[in-house]
Amino acid sequence: MNGNKTGPTRSERPIESWEGTVKSPSPFKEMSILDRLLTPFVLLSMILGVIIGEFAQGVREALDTAKLHNVSLPIAIGLIVMMWPILTKVQYEKLPAILSTSRLWKHIGISIVLNWIIGPFLMLGLAWATLPDLPTYRAGVIMVGLARCIAMVAIWNDLARGDAEYCAILVVINGAMQIVLFAPYSVLFLNVIGGSHQEDVHVAYGDVAISVLIYLGIPLAAGVVTRYSVIFLTNKQFFDKRFIPFFSPIALIGLLYTIIVLFAYQGHRILHDLGPVFRVFVPQILYFVIMWTSTFTLIYYLSRREKVEDTIYGYEMAVVQAFTAASNNFELAIAVSIAVYGVNSQQALAATIGPLTEVPVLLGLTWVALYFRQKLDWTTKAIPLHEEKA
């Protein structure tokens with residue numbers, strides 16, 4: 001990966017069929033079997049969890065027999081397993097060389113502004129605009145807005161054919177910033193500028209910080225150890241070609257398992273609290289759509305203004321930035337909400353609704369991205385030197 005790319009990017013290259021003719025691929029055909037079944041799997045997991053929670057309510061007491069920092073151990077295991085494979089695939093060894101390129105630093109700057117300034121304030125505004133009379137649900141939604149995505153974004157990026165290496169780097173950077181900023185941001189947004197004087201929505205810095213260290217620190221450490229242990233014991237080719245294809249689906253299994261357990265906890269309340277539940281959909285859906293479309297449009301605009309010999313933006317980076325900005329780490333938001341407010345709290349319920357809205361909306365946006373990959377002109381225009389100086 002160089003600061004200046006030469007030759008056409010993947011978004012600019014035609015895709016050849018088996019017959020040798022050039023044609024535009026169907027987004028659905030580009031997806032793997034697991035990718036195509038992601039939304040129905042998630043939906044079925046939610047339904048199964050709600051059924052268990054409604055008709056086998058004793059399951060909650062059974063799951064609470066062991067806890068990890070106020071979070072049921074079965075939930076904690078699922079949350080950690082979800083992020084472990086994603087953080088194992090990150091090429092940490094390339095970071096020093098990549099961080100020396102101006103191209104990356106421009107995208108890091110864009111990503112930080114979108115994720116740590118615009119995103120949290122947008123979710124705060126949407127939460128207050130749509131849930132002014134539901135402070136506990138609003139707190140859960142704000143918590144989701146503060147948790148920047150480091151797990152599912154890799155799945156969306158892969159489906160939409162974004163730049164995998166740059167996506168992984170932004171994931172690591174957001175993960176590191178999340179460990180440092182999530183706790184103070186939670187205090188700032190929920191205790192100070194959130195505007196609510198109710199004590200039941202306030203958070204303690206120490207409780208949030210410990211939760212973040214557990215639910216981000218453990219999978220990050222496990223990912224680093226797993227990556228370099230496997231490479232050391234075998235080789236890089238085995239790791240890429242054999243181990244990762246076998247290990248990656250564990251993230252999906254962790255996601256589905258976690259959703260089943262969470263909805264088993266909240267199933268009874270979801271069925272008997274449908275009004276507030278459906279209202280929580282509104283700010284989250286608006287957030288995903290606004291953040292994604294505005295970011296995708298921004299990178300497209302920048303790509304049309306850059307020089308041919310200095311390609312920095314383009315389709316693949318538009319996908320990386322759009323899905324990184326629009327996605328949220330609902331796993332962390334759920335874990336912290338449960339640890340701070342309790343598993344039966346309305347804040348935890350609002351955070352649990354995160355995957356119910358994020359998965360279908362962002363999966364739909366991968367189709368939108370693939371559509372505009374073909375319909376928009378992502379090639380840069382040559383800018384004469386006299387115009388550039390002017």
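The model is a predicted one, in which local features need pLDDT of at least 70 and side-chain atom pairs count only at pLDDT 80 or more, while totals for chains, interfaces and linings use all residues. Residues are numbered from 1 along each chain as its sequence is written, and side-chain values use heavy atoms, with hydrogens and water left out.

Helix α12 spans residues 236-247, and its buried residues are F239, F243, I244 and F247; buried stands for under 20% relative accessible area and exposed for over 50%, with a 1.4 Å probe and protein chains only. These four lie on the same side of α12 because they cover an arc of only 95° around the axis, the arc being that of the directions from the helix axis to the C-beta atoms. An α-helix has 3.6 residues a turn, so residues three or four places apart point the same way. On the other side of α12, Q237, K241, R242 and F246 are exposed. At the start of this helix, a side-chain oxygen of N235 comes to within 3.2 Å of the backbone nitrogen of Q237.

Elsewhere, V113, I117, I118, F121, L188, V192 and I193 make a nonpolar surface patch of about 570 Å². Helices α7 (102-130) and α10 (164-192) each supply at least two residues of this patch, and the largest share, 4 residues, comes from α7. V192 belongs to α10 and is exposed, with a relative accessible area of 54%.

How values were computed. Polar contact = N/O pair within 3.5 Å; in protein donor to acceptor, adjacent residues only side chain to side chain. Patch = residues over 30% accessible without salt bridge, like charges linked within 9 Å, V, L, I, M, F, W, Y side chains within 5 Å. Areas by Shrake-Rupley, 256 points an atom, 1.4 Å probe, with all protein chains shown as cover. Salt bridge = Lys/Arg side-chain N within 4 Å of Asp/Glu carboxyl O.
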